[in-house]
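Subject: Structure handover

Hello,

Here is the structure for you to look through. Please keep it open while you read the notes below it.

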Amino acid sequence: MVAGKDVTSDDLFNCVLGWDPEHPSQTPTFPPWLSARIKDPQPLPSTFSSVQRYKEAILPVFMQEVWSSVMECESDPAVTVVLEKSVPNRIDAFLTVRLTTSPGLDFFLCGSDIVTLTDGDGAVVFAQVKTYHDNRVLAKLRLLRSSADRLSVTKGDELTMRKQANLSTSMRELEALAKMDKMPLCNDILVGRSTNITVPQNKVLQAIRSYKVNDPQAVAIVGAMDAKGFVLVQGPPGTGKTTTIRGLVGSALSATPKKKLLICAPSNAATDEVCKRLLKGVFLDNGTLYKPNVVRVGVETSVDDAVQHIHLDQKFKLKVTDEVQSVRDASTAVEVATERLNRLLDLEETYNELPSAEAERRTGQTVAELEMTFNHLFPAVREQLENDTQALGDAQEKLSTTRQGAQDKIIREADVVCATLSSSGHRSLWKHRFDTVIIDEAAQASEPSCLIPLRYGCTTCIMIGDPNQLPPTVLSFAAQDNKYDRSLFERLSQQKSSNVHLLSIQYRMNPTISRLPSELFYDGRLQDSAAVQVKTMAPWHQQAPFGPYMFFDARDGDELKVGTSHCNHHEALAAVNLYNSLRDRFGPKDVEVGVISMYKEQITVLQRAFSDAFGPEILHKIDFKTVDGFQGQEKDVIILSCVRTTRVGFLRDVRRMNVSFTRARCSLFVLGHVPTLESDAVWCQIVADARDRGLLKSLNANTFAAAKIPLQPTKQLGSNGYARPARWQNGNSWDTPSSDNSSEPSSLGTGKNTKSNKKSNRSKGPKGKGQKWENAPGVTITYVDPSAPVDNGGW
């Protein structure tokens, strides 16, 4: 790369448009003017001596990923378009074309999209979308003249268009790279430096009281807000990452003056989840609840309905209602005038193409009347359309001028701005400065995307994530080999792991489940909250072969390879029988259940098996997802299908193992072929742990056979002296707790002692939120006060 010469967004698009979609090679190709500026890709180092060296290392691997995103991804469904106009650009080697398509299609384009155009002979070229007008279904595209020469089309010809990729994030990453030397945190990025946080105990105790958090969360909040540079907070599953973020926001807004915050995450879902929690309020340092002014920036259609009202565009529309209405009125007037003109043109076409008598018959007007219509109305309608179009342009220009000022004011007045990492590069934020940037799920974000929000002058960046779970999604295997899937969080933590602060108290998993991941993935440092055992108890925990955690050895089935994926029908049927047995014995018809596997083909097989057994509606009651698709989610019951019976393969990914074993709140059931799994060192530890704890069971035809559950004597459940949790009391109502909680749940309630209810299978206690569970036939349940220790509570 030539020193001082950055690769720009225009360079990126010009390069991509030169690629041939019909003859993809294994590696990206570059035109001569760009190849001298991009070196051969190499594995990314841990530190960099200068900004120039950083760019030289990142860009070749970055382009490998862009190549895969454009060349190797599945394209969207095709639409038919008609070529309206083709105009060569005078100053470069590009061609601009205008295309139209049928209205009413579920189709949308934006200015950073790459599409393919295919002619009737099958020739295909790449094109860049420049503008797209949804109301007129008109697109303006830009493509290389040399590429366009391969297409055999003239005005009026039809083409097939497919949306191939969107390069908006790549554009913003390049913009951030170009501004990297101006970032206050630039040197920390280069040398991989993070900040160690230490907090006096008196401040920790104060934070616990003020922000309603636990000890490790309090240390993270106080330490991060007092620090400069990168602060790394590791949040294992269920340890309250979002609660910690709320505490950070409360601390920032308690400062004098208030700190300006930008909160980002890799995905819209994660960003919206933070917004939802912030809208419920944050605790200030005096312990009062404060509702912050939150603004969400990004693509409005991608934002959750629950936070639409805080989106920048929605807030903007409330401030400029008159200007917006003027544009709407002018747009309607243009549409009306256009329709009138089109009707006249249709009338004229009929008049010109048919004999006079036939034209008079079809139109109901004489030839003289028709000629008078054309002579008098055409000029008037055309003039009206021109005036209305000019009025629309004036209204749009006024709205555009007003928009920037109104948006700037909205963002200045906001306490917190939330955006995805990509949308944090939106032009509405360019004029603003943020003291502190918080990146949630930072270990899932690629390093270049983390640079985007750092362009706004922050001196503190708090990264919250878990490098022990899934890494950033990288499509290019070549880029993965060159460490492009290593997040900035991971690189900084590898430089000095002692600077990583661990949120060490989990509120999600039953302790029987959490024991293994704590020992295997977190060096035994992940601790259970005091009440998590109580709140995750379930009726089936006392009935074989179920419990909080069971590993079923499925030796009878064989894996099948389907394309590049694998499936195992034996495990799929075992999962069906397991669920069916639970449902028949305990009635968990509406409990939150997830069925997961590391193989996409197995998910398809599982969905088919469950649908055949329980009807298609089961697909709406149970979540079937790959492990990768389940990160960040949790369910009451998780069934994990391991699939493989010949070799471990994809299963040996330790981070996927961690995600698999940390999704369940109440019960985790693993289906796997033990001899195969034991060939891998880590899986061997997992199997040995289950065997040593008496949680490994051979799977056979009778494992999940239905049986009437005998009456069981009441006995104490849990070692802490408490009876069954509140959601099993008073009507068996399932009040699903938030595992991302900073303090012990208060939902244990004060259920009153009652006599055993034998009159119906459903108890008569007060209703709670969530789903209902029916008592199994033959089971007598004694309800007890869960707020007091008991000797003989529960069943």
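**Salt bridges**

R656 and D628 form a salt bridge, and their closest N and O atoms are 2.6 Å apart. This pair links distant parts of the chain: R656 belongs to helix 24 (residues 654-660), D628 belongs to helix 23 (residues 627-630), and 28 residues separate them. R656 counts as buried, at 13% relative accessibility, because the limit for buried is under 20%. D628 is partly exposed, with a relative accessible area of 37%. Please note that this is a predicted model.

In general, side chains of opposite charge can pair when their charged atoms come close. The structure holds 31 salt bridges. Another one joins E592 to R665, with the closest N and O atoms 2.4 Å apart. Here too the pair links distant parts of the chain, 73 residues apart: E592 is in the loop between helix 20 (569-586) and strand 21 (593-597), and R665 is in strand 24 (residues 664-672). E592 counts as partly exposed at 26% relative accessibility, whereas R665 is buried, with a relative accessible area of 5%. Both residues also belong to a network of salt bridges that links R508, E592, E634, D636 and R665.

A further salt bridge is formed by the side chains of K625 and D623, at 3.7 Å from N to O. K625 is partly exposed, with a relative accessible area of 27%, and D623 is partly exposed as well, at 23%.

**A buried aspartate**

D113 is found in strand 3 (residues 113-118). Is D113 buried or exposed? Its relative accessible area is 0%, so D113 is buried. The side chain of D113 makes a polar contact with the side chain of N166, at 2.8 Å. A polar atom of the D113 side chain also lies 2.8 Å from the backbone nitrogen of C110. Leaving aside residues up to four places away in sequence, D113 touches F108, A127, Q128, V129, K163, A165 and N166.

**Helix 7**

Which residues of helix 7 (residues 201-211) are buried? They are V204, A207, S210 and Y211. These residues cover an arc of only 135° around the axis, which means that they sit on the same side of helix 7. On the other side of helix 7, N202 and R209 are exposed. The cover over the buried residues of helix 7 includes helix 8 (215-225), helix 9 (241-254) and strand 9 (282-283). After helix 7 comes K212, which has a positive phi, near 55°.

Strands of a sheet pair through backbone hydrogen bonds, either parallel or antiparallel. This structure has an open sheet of seven strands in the order 11-12-8-13-14-7-15, and the pairing is parallel. Its edge strands are strand 11 (294-297) and strand 15 (500-502), each of which pairs on one side only. On average, neighbouring strands of this sheet are turned by 20° against each other, direction ignored.

Strand 7 (residues 229-234) and strand 15 run parallel and are joined by three bridges. V233 stands opposite H501 in strand 15. Helix 8, which was named above as part of the cover of helix 7, lies across strand 7, strand 13 (436-440), strand 14 (460-465) and strand 15. Helix 8 runs at about 150° to strand 15.

Regards

Methods. Residues are numbered from 1 along each chain as its sequence is written. This is a predicted model: local features need pLDDT of at least 70, side-chain atom pairs count only at pLDDT 80 or more; totals for chains, interfaces and linings use all residues. Side-chain values use heavy atoms; hydrogens and water are left out. Buried means under 20% relative accessible area, exposed over 50%, partly exposed in between (1.4 Å probe, protein chains only). Helices (H or I, at least four residues) and strands (E, at least two) are DSSP runs, numbered from the N terminus. The arc is that of the directions from the helix axis to the C-beta atoms. Contact means heavy atoms within 4.5 Å. A polar contact is a pair of N or O atoms within 3.5 Å; within protein, one must be able to donate a hydrogen and the other to accept it, and residues adjacent in sequence count only if both atoms are side-chain atoms. Two strands pair if DSSP finds at least two bridges between them. Axes are lines fitted to C-alpha atoms, for helices over the stretch in contact, and angles run from 0 to 180 degrees between N-to-C directions. A salt bridge is a side-chain nitrogen of Lys or Arg within 4 Å of a carboxyl oxygen of Asp or Glu.
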